[in-house]
Amino acid sequence: VKHSTSGYVKVMIRWSLLLKCFSSFPACPDQEPGLQPWIPGHSEDHRVTIGFGRKVVLRSSATVHSIQILNGGALVVADTSRPILLRTKHILIGEGGEFIVGSPDCPYRGNLTISLFGSDQEHSYFGRKYIGVGTGGALEIHGANKLSWTFLNRTLRPGEGAENNYLFQRSWGNRGIIIHVIHPKTGEVLHDDRFDTYRSKDESRRLAQYVDGLEAGLIVAMVVNDEGSNNLEDSAKKSLTLYAGVPLPVRPQASISVDTWSNSSILDLADPPEGWRPGDRVVVASTDYSMYQAEEFTLLPCPTCTANQVKVEGKAQFVHMGEEVDGVDMRAEVGLLTRNILIRGEMEPGCYGNEACKFFDFDTFGGHLKVERGFRAVHISGVELLHMGQQTMGHYPVHFHMNGDVDERGGYDPPTSVSQLSIHHAFSRCVTIHGSNGLMVKDVVGFDTLGHCFFTEDGPEERNTFDHCLGLMVRAGTLLPSDRDSKMCRDITEGAYPGYVANPRQDCSATSTFWIANPNNNLINCAAAGSEETGFWYIFHHVPTGPSEGLYSPGRTEHTPMGQFINNRAHSNYRAGMILDNGVKTTQANDKDKRPFLSLVGARYGPHQDADPFKPRVPALIHHFVAYKNQDHGAWLRGGDVWLDDCQFADNGIGLTLASGGTFPDDDGSRQQVKNSLFVGESENRGMPLPDNPIWGPGGSDLSGRTLPRGIDFPIRGMQIYDGPINVQNCTFRKYTALDGRHTSAFGFRLNNSWQSCPNNNVTDITFDHITSRVFFGEPGPWFNKMQMDGDKTTIFHDIDGSVSEYPGAFLVKEDNWLLRHPDCIDVPDWKAAICSGHYAQIYIQTRNPANLNMHMVRDEYPDHPLTLEGALGKRKHYQQFQPVITLYKGYTVHWDQVAPAEVVIWIINFNRKDWISVGICYPRGTTFTIISDIHNRLTKQTRKTGVYLRTALSWDQSCPDGFLCPLSIICPLLSSLLFLKVKAHNDRDLFAFCSVKGCERVKITATIPKGSPPSDCRSQAYPRHSELPVVDVPMPRRLQNVQQVRRTSGRKFHVVHICSCHSHFLFLNINNFL
């Protein structure tokens, strides 16, 4: 049975007409009874008002100055076989007005273009060149249903068309001449036969008859096995020569590519391309680091394509992956750009008349569509928006402005929605949600725009859903600091305090595909396939900004639970696939903070029930997130409880960093974790060398050429451990190969880190596959610099089950951190690490007057190995903070490179009840003290004193007072310039909390120091007097046997060095291989 498209359409039209006969109401809006024909003609001066209950239908093209619809008026566009072009400067739908094109039950099937022209006649609210829906207005536009976007299901390579291919492999078991007859368009084998011409002359005659009987135009593939041609009859030779024209070579296999259009390609898709037609435009996303490898194609007729194939004009210039690579789904997105309803802005040939011309050489004053508060109904689907948006505030391709609730909560039934939109070559964003809640944004493609693409604006926007949306090639714009690139950030000084010089990477440079200003929104099945900066960015407004000011209490969004984040993906972004961090500056520039309004600032996220930090925590769940080929990070996530599950990270500079709230997690007791996830260092998606890409070099286990994320020697890391506490569980690390001069590793640490490292960073059930370096702690050199910052020296994590170190329960520490080592620690030189056991915690030492000094901390068991810390806060702060990790139940002394500070506060961190250390602090003789111990609750900001110690002078013969019963006991000095404290925790602590259930236990020392005192470095006096023999408090665990977690470890083995160090002149080394 033969089917034709035209016949199908005829059947559908007849069926539709039949349905209308039996319906009491017309199915399509243009069939509504009582509609009056409207033929306005063509005049750019004709101002049209449709009102007073008048309902009209437009059946032909028209040009008018403007259209205003209100007071019961309605404009309906007829669904005709002829294209309709409606040109106007603006369409304003006011109170009681309706603009209708199609309906959900009767989508518009014709071709309609609404073309917005001009640049004058500004409306007080909507601006210029717009479609505006005012209070009481209704907009219903419903184009044909078409597949919005899908995935490439077969890799497309440069110059290859992925045409129908035929492969004929020689079969050594069959003697004679084997023939396959192939369809010239599909490559399908129509029939085949074998002729044993060696055995029988009759076979030669049968071969001749067979060939002579073939129809013209078919392709014949012939393979000769063994001696099949030796006894070939002349008749058969003649027939074969006439048919083939040239003698056929004998090969083990023959391959034929059937390509009926030389400049075309076949795209194999994951889904049937419903509604796609010849002439439609599609975009295929980049699958390498550069978003500019996205390519546009035009569809061609393809009668022989399968249900999931389309033919496009031209060949690809870049590789576009269409498969899973090393376990990671790297298929390129394929988005539809063409729709049968087009809303476009008419553009001038070049930029003119505004500040944007400093940065763009093209016209950026496109059209825009804006919806005002109090609208009656808005549903838009199946629409293409081309050249929309303006580089001016408030004018975007689709803009919901201060609408409040637009779903059932706001009385909208059905809820407001935009779906199946193709927004491309735009000039300001894609979809903007401003002060609006409950909007459904579904199946929207945003391609090649300026500034954040899918944008929530002021902070109060909640319950909006982005479902199956695709954004790609999102470039910098001028509107907000976060939209701007480095040049724009420096050159645009409006809003900054006079004389302020912007720091682009700090204030700006955050252009994102999805910019989410409130975590209570849903992102499901979305793809961020290329931005100048970031794919998904969750940002926080401490207070709502702009016209939303006052809509929520300060700090609410930082505690608001996250909506759904499920099955999203990000790739080909510069900074990161995803960031959850930072806020925006919510005050105007002033002499104390000179940065412009809405510049990036710090913020901390800790989700709790009802956004109340006193109520239970509600983890932010990130499920099945895929991040690959992002130059810097796959994801950087900072906050309280942020939990990832079933995620994939591949070919990122750094796969994942989980960061806590800083020195003290703002949501103490929370943690970040990643479970059941896959990390791939360098996959088989190698990219391709390009003339303008300097980052191409050797990589992988075979050292073959590939694109690289940052630089030839950048230390690629899978899981970057920063501060903590974090939990990494049941994760696989694959293909992390270290090269000479490039320290790639599965686990690594934040480079040039001044902040704390938590001993409760836990790792368990880790699998390694094709790994040469499981961990690397860093060494001086490129990217690592001098390794002299405090966090570089204090890194640590806990290998719960030994799946990393093969020693269950061990801790991995920096190899030269003698505050944490003991004689039985095992050195791993390749990792710059030591495998140790022990009870570990932290102390924070805050100092004032002065704050710019360095601290030397010495463990009594290793007096020759002090740890020198510079402080976490920089030398210009009014106070300093040192954050060493320490071994519990040990003695330490603290010394300074200047005179001791007048104020020292010691916080005990990660101490369980009854945990203690002894600390001696060096002061000049003659110093007098006031010492206070207290408990500080960081949530309530309340402090309760637990002890006040008598004012005392430090001298050589001071005797110790007795009878002090307090949480932090003091041991006074005897013939020493050291003030000794026994720091002990007296309260229980929750599992992941830094401080106790009652608050942070601390001691504050206020000292009056004689003027002219020398630097307070007492090491020569303290040792060897206070030296102690090293003791192993926690025996080293036994090494695992028959380790199952390592599937394959390629490359060189790491070496383990056992060091036994005592107070003698002998050092015993025992070197083993560590597999």
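The largest share of the lining of the second largest pocket, four residues, comes from β43, a strand that spans residues 576-584. Strands here are DSSP runs of E with at least two residues, helices are runs of H or I with at least four, and both are numbered from the N terminus. The model is predicted, so that local features need pLDDT of at least 70 and side-chain atom pairs count only at pLDDT 80 or more, while totals for chains, interfaces and linings use all residues. Residues are numbered from 1 along each chain as its sequence is written, and side-chain values use heavy atoms, with hydrogens and water left out.

Besides β43, the elements that each supply at least two residues of this lining are α5 (504-507), β44 (600-601), β47 (633-638) and β55 (717-721). A pocket is an open set of points on a 1 Å grid over the protein atoms alone, where a 1.4 Å probe fits and protein lies on both sides within 12 Å along at least five of seven lines; lining residues have an atom within 4 Å of a point. In the second largest pocket there are 35 such residues, and D581, N582, W636, R638 and R750 lie nearest its centre. By class, the lining has 16 nonpolar, eight polar and 11 charged residues, where Ala, Val, Leu, Ile, Met, Phe, Trp, Tyr, Cys and Pro count as nonpolar, Asp, Glu, Lys and Arg as charged, and the others, Gly among them, as polar.

Helix α2, residues 201-212, reaches 17 Å from its first C-alpha to its last, close to the 16 Å expected at 1.5 Å a residue for its 12 residues, the expected span being 1.5 Å times one less than the number of residues. Buried in α2 are E203, S204, L207, A208, Y210 and V211, buried meaning under 20% relative accessible area, exposed over 50% and partly exposed in between, with a 1.4 Å probe and protein chains only. Because these residues cover an arc of only 165° around the axis, they sit on the same side of α2; the arc is that of the directions from the helix axis to the C-beta atoms. K201, Q209 and D212, on the other side of α2, are exposed.

Two loop residues remain. P104, in the loop between β9 (98-101) and β10 (112-116), counts as exposed because its relative accessibility is 61%. T744, in the loop between β56 (726-736) and β57 (745-749), counts as buried because its relative accessibility is 1%.
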